[in-house]
Amino acid sequence: MAALGVGLLTLLPVCARRSPVLRPIHRLLSRPGTVAADVRREEQSSGSVETGSEDQTPKKRFSEVQKERREQAQRTVLIHCPSKISEKKFLKYLSQHGPIHNHFFYESFGLYAVVEFCQKESVASLQSVTRTPGLGTEAAIPFRSRCFSLKLRSPSGQPSEPARVPCNSQSPPSSKKLFELLCYAESIDDQLDTLLKASQLTEENTRLRYLTCSLIEDVAGAYFPDCAVRPFGSSVNSFGKLGCDLDMFLDLDEIGKFSAHKTSGNFLMEFQVKNVPSERIATQKILSVIGECLDQFGPGCVGVQKILNARCPLVRFSHQASGFQCDLTTNNRIALKSSELLYIYGALDSRVRALVFSVRCWARAHSLTSSIPGAWITNFSLTMMVIFFLQRRSPPILPTLDYLENLADAEDKCIIEGHNCTFIRDLNRIKPSENTETLELLLKEFFEYFGNFAFNKNSINIRQGREQNKPESSPLHIQNPFETSLNISKNVTQSQLQKFVDLARESAWILHQQDKDRPSPSGNQPWGLATLLLPSVTNSLSLAKKKRKKPASERIKNLLESIKSSGAEGPTDTNGKRTVSTQA
């Protein structure tokens with residue numbers, strides 16, 4: 001269940017540069033209800049956001065960001081508020097328990113406030129004066145959480161029409177509003193940047209995700225004191241979009257670490273524990289209990305499903321207060337290392353995230369990806385493909401994983417379940433790329449590169465940054481960067497891969513055609529990236545294909561060949577046919 005909310009673009013800067021082309025944007029800003037107008041208003045009230053910023057100097061390590069966010073969440077509360085409330089009186093009331101560092105409102109099944117105190121003790125103070133509600137004929141389960149409901153003692157004493165509090169959006173922009181923004185952008189580079197800023201997680205949404213994990217940690221902590229519930233995946237790797245699921249794992253490793261400090265002399269103290277035949281059975285038992293606890297006692301946790309026989313056992317549920325669809329696993333440390341690796345790649349060059357967001361949006365617009373498990377390409381696979389492509393540029397924009405491992409020192413060494421997960425964690429020690437290619441060129445070259453990639457014989461490997469012979473017969477083979485024997489795209493069928501290749505070739509052709517006859521950005525007609533996101537473009541091309549005898553792959557291939565100045569031979573397509581080389 002995607003997070004519900006109003007308006008989205010808290011920090012979408014409307015092009016800092018000024019030119020005659022931008023005049024329509026000024027008119028757009030004056031129209032109430034447009035995304036651009038919302039952005040301008042929210043920029044004035046909200047200021048800049050840390051989330052998505054890649055210009056911080058020095059750059060923070062992933063572990064430092066995680067630690068700061070966890071501490072921030074532990075002194076934060078979530079309050080369900082009346083629909084009409086005086087923000088000033090609300091904050092004054094809460095300030096009795098200590099100074100407030102930050103707060104914001106959002107909507108999800110009602111009006112909610114996220115309030116961060118300066119000290120953790122203020123949370124305990126608020127809990128001490130909070131009562132369990134009386135429900136008349138029903139009985140309440142007296143669980144002391146950091147989720148509260150605020151009631152008005154005397155509604156008649158409130159102003160008749162208090163001003164509506166400003167709400168931060170937790171939802172991505174509608175397709176119509178996003179399309180509007182893209183059409184008014186100054187260049188294709190600006191379009192990719194606009195899409196990134198419109199879709200990425202906001203500071204407020206990031207805070208809410210860490211708070212949700214912290215609230216689940218409170219529940220798990222009743223059984224496992226000193227455990228931690230950590231977010232991983234899109235919520236923390238810098239590639240998450242508004243509305244994405246919240247993946248979290250129950251980290252029990254911290255519990256065992258404390259025993260190392262409790263030894264003295266010749267004595268060794270150990271906890272008495274239950275024994276089970278395997279670690280998998282232990283994981284299933286733990287998740288079963290936590291899932292039952294969330295279902296019975298977790299405020300706002302609904303639709304709890306215990307999926308314990310999956311390759312990676314998990315508990316799936318909806319957290320109503322935040323609006324997030326959540327997946328909880330346990331001790332999934334390799335997934336957290338993957339999140340850290342993507343965080344590093346996203347922070348190394350500002351073009352990485354912009355290109356990933358645009359390729360994912362393009363894939364979603366053409367149903368190449370889906371939120372339903374199946375034969376579709378996943379967002380993770382697309383991200384790996386973009387990283388691999390950027391490693392193949394000349395000079396490379398991103399380093400290989402092997403290079404990052406060579407830079408690592410002793411404190412970076414990490415072996416998880418026998419898998420080498422070592423890489424340098426200090427971003428400031430990684431030399432920036434000297435590549436200066438534009439986003440427009442990279443987008444075009446990405447489609448050409450994978451439109452002509454020899455998927456029938458080569459695999460994608462970001463550890464070495466070069467094509468390798470496929471070790472298996474799967475149509476698409478992308479090596480897991482850490483569990484190297486696994487193919488992260490094993491689910492993709494030949495027909496889905498061919499659909500990706502055909503669409504990539506068509507998109508490359510469209511961008512080349514617009515180079516020859518580029519329309520002026522006016523908002524009256526789609527151009528650049530906006531053209532590639534139109535499903536109708538693909539549909540019309542599909543109808544045209546049915547009327548032609550020549551196969552689509554051959555037709556698009558010939559179009560690309562006519563564009564290329566040289567007729568050099570290159571790799572083969574998925575059917576083994578000769579195509580044009582696009583390798584730089």
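This is a predicted model: local features need pLDDT of at least 70, side-chain atom pairs count only at pLDDT 80 or more; totals for chains, interfaces and linings use all residues.
**Exercise 1. Find the order of the strands in the four-stranded sheet, and say which strands are at its edges.**

Step 1: Strand 2 (100-107) and strand 4 (147-149) each pair on one side only.

Step 2: Look at a parallel pair. Strand 1 (residues 76-81) and strand 4 share three bridges and run in the parallel sense. Here Leu78 stands opposite Cys147 in strand 4.

Step 3: See what lies over the strands. Helix 4 (residues 87-94) lies across strand 1, strand 2 and strand 3 (111-117), and runs at about 135° to strand 2.

**Exercise 2. Now do the five-stranded sheet: what is its strand order?**

Solution. 

Step 1: The order is 5-6-9-8-7, in an open sheet with mixed pairing.

Step 2: Strand 5 (228-232) and strand 7 (301-307) are the edge strands; each has a single partner strand, so one side of each has no neighbour in the sheet.

Step 3: Zoom in on strand 6 (residues 246-251) and strand 9 (residues 324-330), which run parallel and are joined by five bridges. Leu246 has Cys326 in strand 9 as its bridge partner.

Step 4: Finish with the helix. Helix 11 lies across strand 5 and strand 6, at about 45° to strand 5.

**Exercise 3. At roughly what angle do the axes of helix 3 and helix 8 cross, and which residues meet there?**

Solution. Two packed helices are described by the angle and the distance between their axes.

Step 1: The axes of helix 3 and helix 8 (residues 203-220) come within 9 Å and cross at roughly 70°.

Step 2: Angles of 65 to 115 degrees count as roughly perpendicular, and helix 3 and helix 8 are therefore roughly perpendicular to each other.

Step 3: List some residues of the contact. Helix 3 brings, among them, Gln66, Arg69 and Arg70, while helix 8 brings residues including Glu203, Arg207 and Tyr210.

Step 4: Sort the contact residues by type: three are nonpolar, five polar and five charged.

Step 5: Spot the charges. Arg69, Glu203 and Arg207 turn up again in a network of salt bridges, together with Arg75 and Glu116.

**Exercise 4. How many salt bridges does the structure hold?** Compare the surroundings of three of them.

Solution. Side chains of opposite charge can pair when their charged atoms come close.

Step 1: The count is 26 salt bridges.

Step 2: Start with Arg61 and Asp426, whose closest N and O atoms are 4.0 Å apart. Arg61 is in the loop between helix 2 (35-46) and helix 3 (62-74), and Asp426 in the loop between strand 11 (419-420) and helix 15 (439-451), so this pair ties together parts 365 residues apart in sequence. Arg61 and Asp426 are both buried.

Step 3: Next, Asp253 and Arg333 meet at 3.6 Å, N to O. Asp253 sits in helix 9 (residues 253-257) and Arg333 in helix 11 (residues 333-348), 80 residues apart. Asp253 is partly exposed at 31% relative accessible area, and Arg333 is partly exposed at 26%.

Step 4: Last, Glu445 and Arg393 form a salt bridge at 3.9 Å, N to O. Glu445 is in helix 15 and Arg393 in the loop between helix 13 (379-391) and helix 14 (401-407), so the pair ties together parts 52 residues apart in sequence. Glu445 and Arg393 are both buried.

**Exercise 5. Is Ser485 buried or exposed?**

Solution. 

Step 1: Locate Ser485 in the loop between strand 13 (468-469) and helix 16 (494-516).

Step 2: Its relative accessible area is 66%, and over 50% counts as exposed, so Ser485 is exposed.

Technical notes: Residues are numbered from 1 along each chain as its sequence is written. Side-chain values use heavy atoms; hydrogens and water are left out. A salt bridge is a side-chain nitrogen of Lys or Arg within 4 Å of a carboxyl oxygen of Asp or Glu. Helices (H or I, at least four residues) and strands (E, at least two) are DSSP runs, numbered from the N terminus. Buried means under 20% relative accessible area, exposed over 50%, partly exposed in between (1.4 Å probe, protein chains only). Two strands pair if DSSP finds at least two bridges between them. Contact means heavy atoms within 4.5 Å. Axes are lines fitted to C-alpha atoms, for helices over the stretch in contact, and angles run from 0 to 180 degrees between N-to-C directions. Angles under 35 degrees count as roughly parallel, over 145 as roughly antiparallel, 65 to 115 as roughly perpendicular and the rest as oblique. Ala, Val, Leu, Ile, Met, Phe, Trp, Tyr, Cys and Pro count as nonpolar, Asp, Glu, Lys and Arg as charged, and the others, Gly among them, as polar.
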